[in-house]
Amino acid sequence: MAKKAKEIPDIMDFNYTELTALCEHLQQKEREGLRFKGFERNMMVFEPSEEREIRYSAVIHTTTFLLKKDFIAACEHEGWEYVDTYKDDLFIFRTEKDDAEEIITDEKENFRTVVKSFLLHPGFLGVSAWFFIALTRVLTHSLSDLIPPLANVGLIMWITALATTAHPILTSIYDFIKWYIKAKKAVSNGDRIPFLNLSQKKKKKKENSIVEAIIGIIAAMIFAFVFFGYTSYDSVFSVYFILIIIVIEAFCFAELIYSRRKKEEKKSKKLTRSFLSLVAVAVALSGIYFCSETAYKNNAEIITNRYEIPVTLSDLGFDDADCINETEACETTRLGQFYWFSSELNSDDWVNIDYYIFKSDIPIAIKQYIKSIEENDVLAKDETKSYQWDAVYRYVAGDRHSFLEEGYAVKGNTVVWLRWSSYEEKSETDFFDVAYDKLFG
């Protein structure tokens, strides 16, 4: 029994505006002694064969299952050998006859079919889907009126994802529109559709790969700058995240610069390139690590002790044994740090304080946060006493049986927003005095 020839897979990365390039690719493989066998999901499968000149034709044809056999039979009658179909609409044929007529002769109808199939192609819609998922997530996180945007970890992460997915989809749309205008003009003049050839395909792919690699590296560096040393999540996760991105991008650049130069290239050169890529990764990662380590040491007290809240009801005169203290949220980045703490009395008399601390060295972020507070509460500046804060704004209501206080205090790059309600009398201790001593004392 003859041994089955080894099959060689190759990714199918040709879209429906690159049919000429696809045919040239298959023809080039034939000259190298690899015959196209067919498709397996998103892969093209080749098998070793004798080197020869073969002419290929890639045709977009939408038809019913019953008419598919008739279409193939008609092509075979004209001297074309049917090979396989991709996604039920891309038919691959080949022939050794130089004088075999083109399968498609009605270019206007062919143009409409290609355009429709391209727009409905799973690959194109898939990239679009990722883009719109990221866009939707960004909009969803933007609606949060509690967490400031610069401290909103989810928002910034999805903006990063949106930025990295925007280029492929926008490039795909731009390339399609450019091809559409050119092809429509050619068809109107009675010429054939100008599908991209292999040389144009390689040039476009190289340019796009370079841009995407640069965008990926910039996004990774921004991610590292914004989160490392400030995030409350496990720092090991962050290190691995950036390491994976940098490794991918480093090898992407290595592939762009050195890929497939010569088959006889020496093994020593390949090892040198791999070593240099790893050195570049190590240097980049070390720089990120030391920068983040410095920031982490400066912020470690809050990050590592996030369940020991700064101000509790016990600081305001209540029994510490009856206090339930929680950190409700901890969203921190280099651009802004947001904390939501709560403390309530575990007794029949309900007493609760919720307060939010926002810190940022970006003045406009502080102003915007104060504006969002004032949109929620009608507050007046408290001038009844001299505070160490730059300013204190508050609203107080109630009697000896119930109490409600809302307000905020500002000190430099820090804003503390308080909401206090209870069925008991107001404490004699001023919350903002205690908060100042805890945060700045």
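Which residue forms a salt bridge with Arg31, and how far apart are the closest N and O atoms? I began with this pair. The model is a predicted one, and I treat every value below as computed from it.

**Entry 1: Arg31 and its partner**

I found that Arg31 forms a salt bridge with Glu53, with the closest N and O atoms 3.5 Å apart. I then looked up where the two residues sit. I noted the accessibility of each partner. Glu53 counts as exposed, at 56% relative accessibility. Arg31 is partly exposed, with a relative accessible area of 38%.

**Entry 2: other salt bridges**

I have 21 salt bridges for the structure. I looked up Lys37 next and found its side chain in a salt bridge with that of Glu7, at 2.3 Å from N to O. Glu7 lies in the segment before β1 and Lys37 in strand β2, so this pair ties together parts that are 30 residues apart in sequence. Lys37 has a relative accessible area of 37% and is partly exposed. Glu7 is also partly exposed, at 27%.

I also checked Glu30. Its salt bridge with Arg35 has the closest N and O atoms 3.7 Å apart. Is Glu30 buried or exposed? I have Glu30 as buried, at 0% relative accessibility; the cut-off for buried is under 20%. I followed the shared partners from there.

**Entry 3**

I looked up the strand order here and got β1-β3-β2, an open sheet of three strands with antiparallel pairing. β1 (8-11) and β2 (34-40) are the edge strands, each with a single partner strand, so one side of each is left without a neighbour in the sheet. From one strand to the next, the twist averages 30°.

I counted on the β2 pairing for detail. Strand β3 (residues 43-48) and β2 pair in the antiparallel sense over six bridges. Opposite Gly38 stands Val45, in β3. Helix α1 packs on this sheet and touches β1, β2 and β3, its direction making about 20° with that of β3.

**Entry 4: the sheet with β4, β5 and β6**

Which order do the three strands of this open sheet have? I read the order as β4-β6-β5, with antiparallel pairing. The edges are β4 (55-60) and β5 (81-86), each with a single partner strand, so each has one side left without a neighbour in the sheet. On average, neighbouring strands are turned by 20° against each other, direction ignored.

I went through the pairings of β6. β4 and β6 run antiparallel and are joined by six bridges. Ala58 has Ile92 in β6 as its bridge partner. Ile92 is also the bridge partner of Asp84. Strand β6 (residues 90-95) pairs with β5 in the antiparallel sense over five bridges, and Thr85 stands opposite Phe91 in β6.

I looked at the connection too. β5 and β6 form a hairpin with three residues between them. Lys87, in the turn, has a positive phi of about 55°.

**Entry 5: cover on β6**

I asked how many residues of β6 are buried. The count is six of its six residues. Leu90, Ile92 and Arg94 are buried on one side, and Phe91, Phe93 and Thr95 are buried on the other, so both faces of β6 are covered. Helix α1 (residues 19-31) lies across β4 and β6 and runs at about 150° to β4.

**Entry 6: a nonpolar patch**

I looked up the surface last. Leu170, Ile173, Ile177 and Ile181 make a nonpolar surface patch of about 360 Å². Where is Leu170 placed? I found Leu170 in helix α5 (residues 153-188).

Definitions and conventions
Residues are numbered from 1 along each chain as its sequence is written. This is a predicted model: local features need pLDDT of at least 70, side-chain atom pairs count only at pLDDT 80 or more; totals for chains, interfaces and linings use all residues. Side-chain values use heavy atoms; hydrogens and water are left out. Two strands pair if DSSP finds at least two bridges between them. Helices (H or I, at least four residues) and strands (E, at least two) are DSSP runs, numbered from the N terminus. Axes are lines fitted to C-alpha atoms, for helices over the stretch in contact, and angles run from 0 to 180 degrees between N-to-C directions. Contact means heavy atoms within 4.5 Å. Buried means under 20% relative accessible area, exposed over 50%, partly exposed in between (1.4 Å probe, protein chains only). Patches are made of residues with over 30% relative accessible area and no salt bridge: like charges are joined within 9 Å, nonpolar side chains (Val, Leu, Ile, Met, Phe, Trp, Tyr) within 5 Å. Accessible areas come from the Shrake-Rupley method with a 1.4 Å probe; for residues, only the protein chains shown count as cover. A salt bridge is a side-chain nitrogen of Lys or Arg within 4 Å of a carboxyl oxygen of Asp or Glu.
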